[in-house]
Amino acid sequence: MRFSDDINLFNSTPVYLLENEKRVNGLIGNQQYPRFIVVRGDDQTQLIRRFEIIRHSFSQLSDAQLLGIDQWLPSEATQQQNATWLADGITQDKLAQITQFINHDDLSTMLASQQKTMQYQDLPLPIRESYPQIIETSSGVVGVLSYLDKLSDTQQQQLKDSVDFAIELIDQPEQFTQAFKRLRLYISYFLLLATAGLTLLMLLLYGMKRGFSMACIPIISTLSGLSICHLLIGYLTLFI
């Protein structure tokens, strides 16, 4: 009998189903990913910009999808770049194949509004509610990006080193794994102490030979209980 505390190993779902689940999540934007990157900024503008920087660095380390509000809300710098590109395309006739279907008044409106940028409050409510909220604190704002696949310790360190601001990585499955380890350790200590105490009691009451014979019963019961628990946990499926 051996123990495995890594809850990632408890998932008995076939690999091809997990891969299909990832594809579906990528299409519909499932927001229940259990691993998070906590980012802080002075204001929403800086926070969204930091989201973009992290997304670029993250894409160099993993193929996992990184979910965040910046998928809908580019930073102000990116919006300005896009507006400049669009204005140049219109004024220099680089987008003539598209602008020929737009009337002159609408083109003028587009050019006049290129300095305006979209803010977090401008996003539709259903989109804002689909992602963790940007929380205002006394020292600034806090936002969260989430992802599914586990990053190695090396990848986590590389991600932290690739940005010039502090980030916090939270791995919920790993936290659950550590909790399982501690729980099993405490249960083992309890069973060990209970078995040792009962064995001593048997020795005191019935002597050496008979006491050992009677102590075999709780020892066997303890091992049987651990085996049954291990078998039951082996069939547990956790969708993480």
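User: How many helices and strands does the protein chain have?
Analyst: First, the ground rules: this is a predicted model, where local features need pLDDT of at least 70, side-chain atom pairs count only at pLDDT 80 or more, and totals for chains, interfaces and linings use all residues. Residues are numbered from 1 along each chain as its sequence is written, and side-chain values use heavy atoms, with hydrogens and water left out. Helices (H or I, at least four residues) and strands (E, at least two) are DSSP runs numbered from the N terminus. Here the protein chain has eight helices and five strands. Read from the N terminus on, the order is α-β-α-β-α-α-α-α-β-β-α-β-α.

User: What percentage of the protein chain's residues count as buried?
Analyst: Buried means under 20% relative accessible area, exposed means over 50%, and partly exposed is in between (1.4 Å probe, protein chains only). Of the 240 residues in the protein chain, 30% count as buried.

User: How many salt bridges does a search of the whole structure find?
Analyst: The test is a side-chain nitrogen of Lys or Arg within 4 Å of a carboxyl oxygen of Asp or Glu. Searching the whole structure gives six salt bridges. Take Asp 171 with Arg 35, where the closest N and O atoms are 3.1 Å apart. Asp 171 sits in strand 5 (residues 167-171) and Arg 35 in strand 1 (residues 35-41), so this pair ties together parts 136 residues apart in sequence. Both Asp 171 and Arg 35 are buried.

User: Which Lys forms a salt bridge with Asp 171?
Analyst: That's Lys 150, with the closest N and O atoms 3.4 Å apart. This pair links distant parts of the chain, 21 residues apart: Asp 171 is in strand 5, while Lys 150 is in the loop between strand 4 (140-147) and helix 7 (153-161). Asp 171 counts as buried because its relative accessibility is 12%, whereas Lys 150, with a relative accessible area of 43%, is partly exposed.

User: Where does Glu 174 lie, the residue that Lys 150 pairs with?
Analyst: Glu 174 lies in helix 8 (residues 172-234) and Lys 150 in the loop between strand 4 and helix 7, so their pair ties together parts 24 residues apart in sequence. The N-to-O distance in this salt bridge is 3.8 Å. Glu 174 is partly exposed, at a relative accessible area of 29%.

User: At what angle do helix 2 and helix 7 pack?
Analyst: Two packed helices are described by the angle between their axes and the distance between the axes. Axes are lines fitted to C-alpha atoms, for helices over the stretch in contact, and angles run from 0 to 180 degrees between N-to-C directions. Helix 2 (residues 44-61) and helix 7 pack at about 150°, their axes 10 Å apart. Angles under 35 degrees count as roughly parallel, over 145 as roughly antiparallel, 65 to 115 as roughly perpendicular and the rest as oblique. Helix 2 and helix 7 are therefore roughly antiparallel.

User: Which residues of helix 2 and helix 7 make the contact?
Analyst: Contact means heavy atoms within 4.5 Å. Helix 2 contributes Ile 54, Ser 57, Phe 58 and Leu 61, and helix 7 contributes Gln 155, Gln 158 and Leu 159.
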